[in-house]
Amino acid sequence: MNETRPLVDPLGVYSVKRTCAELGVSYKTLRKYRVCGHITPVNPQNTRRLKYSGQSILDCWLKLRTL
């Protein structure tokens with residue numbers, strides 16, 4: 001996990017690849033965060049191409065930083 005705050009637009013929508021890059025985690029770790037409820041996709045019904053909002057990326061980073 002990156003120590004620096006992700007540089008994302010809170011109103012933007014990001015792919016799984018970009019979300020992983022911003023958080024500094026692998027795809028498997030991002031999936032673990034999603035299952036645990038730390039981050040939620042904006043389109044949960046489309047499991048093949050999940051997208052995440054910039055705000056949810058920032059919220060996830062803040063949650064995991066304080067753990």
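This is a predicted model: local features need pLDDT of at least 70, side-chain atom pairs count only at pLDDT 80 or more; totals for chains, interfaces and linings use all residues.

Colleague: How is the packing of two helices described?

Modeller: Two packed helices are described by the angle between their axes and the distance between the axes. Helices here are DSSP runs of H or I with at least four residues, strands are runs of E with at least two, and both are numbered from the N terminus. Axes are lines fitted to C-alpha atoms, for helices over the stretch in contact, and angles run from 0 to 180 degrees between N-to-C directions. In this model, helix α1 (residues 16-23) and helix α3 (residues 54-66) have axes that come within 11 Å and cross at roughly 35°.

Colleague: What is the handedness of the crossing of α1 and α3?

Modeller: A crossing is left-handed if the near helix is turned anticlockwise from the far one by less than a right angle, and right-handed if clockwise. The crossing of α1 and α3 is right-handed. On the α1 side the contact (heavy atoms within 4.5 Å) is made by Thr-19, Glu-22 and Leu-23, and on the α3 side by Ile-57, Cys-60 and Trp-61. These residues divide into 4 nonpolar, 1 polar and 1 charged, where Ala, Val, Leu, Ile, Met, Phe, Trp, Tyr, Cys and Pro count as nonpolar, Asp, Glu, Lys and Arg as charged, and the others, Gly among them, as polar.

Colleague: Is Glu-22 buried or exposed?

Modeller: Buried means under 20% relative accessible area, exposed over 50%, and partly exposed in between, with a 1.4 Å probe and protein chains only. Glu-22, which has its place in helix α1, is buried because its relative accessible area is 14%. Leaving aside neighbours within four places in sequence, Glu-22 is in contact with Asn-2, Pro-6, Leu-7, Val-8 and Ile-57.

Colleague: How does one read a buried face along a helix?

Modeller: An α-helix has 3.6 residues a turn, so residues three or four places apart point the same way. In α1, the residues Val-16, Thr-19, Cys-20, Glu-22 and Leu-23 are buried. Seen down the axis of α1, these buried residues fall within an arc of 165°, so they line one face of the helix; the arc is that of the directions from the helix axis to the C-beta atoms. The face turned away from the buried side carries the exposed residues Lys-17 and Ala-21. What covers the buried residues of α1 includes β1 (13-15), α2 (27-36), β2 (51-53) and α3. After α1 comes Gly-24, with a positive phi near 75°.

Colleague: Which residues touch the most other members of the largest nonpolar core?

Modeller: A nonpolar core is a set of buried Ala, Val, Leu, Ile, Met, Phe, Trp, Tyr and Cys residues joined through side-chain atoms within 4.5 Å. The largest such core has 16 residues, of which Leu-23, Leu-30, Ile-39, Tyr-52 and Ile-57 touch the most other members. Two or more residues come from each of α1, α2 and α3, and α3 gives the most, with 5 residues. Not counting residues up to four places away in sequence, Tyr-52 touches a list of residues including Gly-12, Val-16, Leu-30, Ile-39 and Ile-57.

Colleague: Where does Arg-5 lie, and which residues is it in contact with?

Modeller: Arg-5 lies in the segment before β1 and counts as partly exposed at 49% relative accessibility. Neighbours within four places aside, Arg-5 is in contact with Leu-58 and Trp-61. The C-alpha atoms of Arg-5 and Trp-61 are separated by 7.4 Å, although the two are 56 residues apart along the chain. For Leu-62 and Arg-48, 14 residues apart along the chain, the C-alpha separation is 26 Å.

Technical notes
Residues are numbered from 1 along each chain as its sequence is written. Side-chain values use heavy atoms; hydrogens and water are left out.
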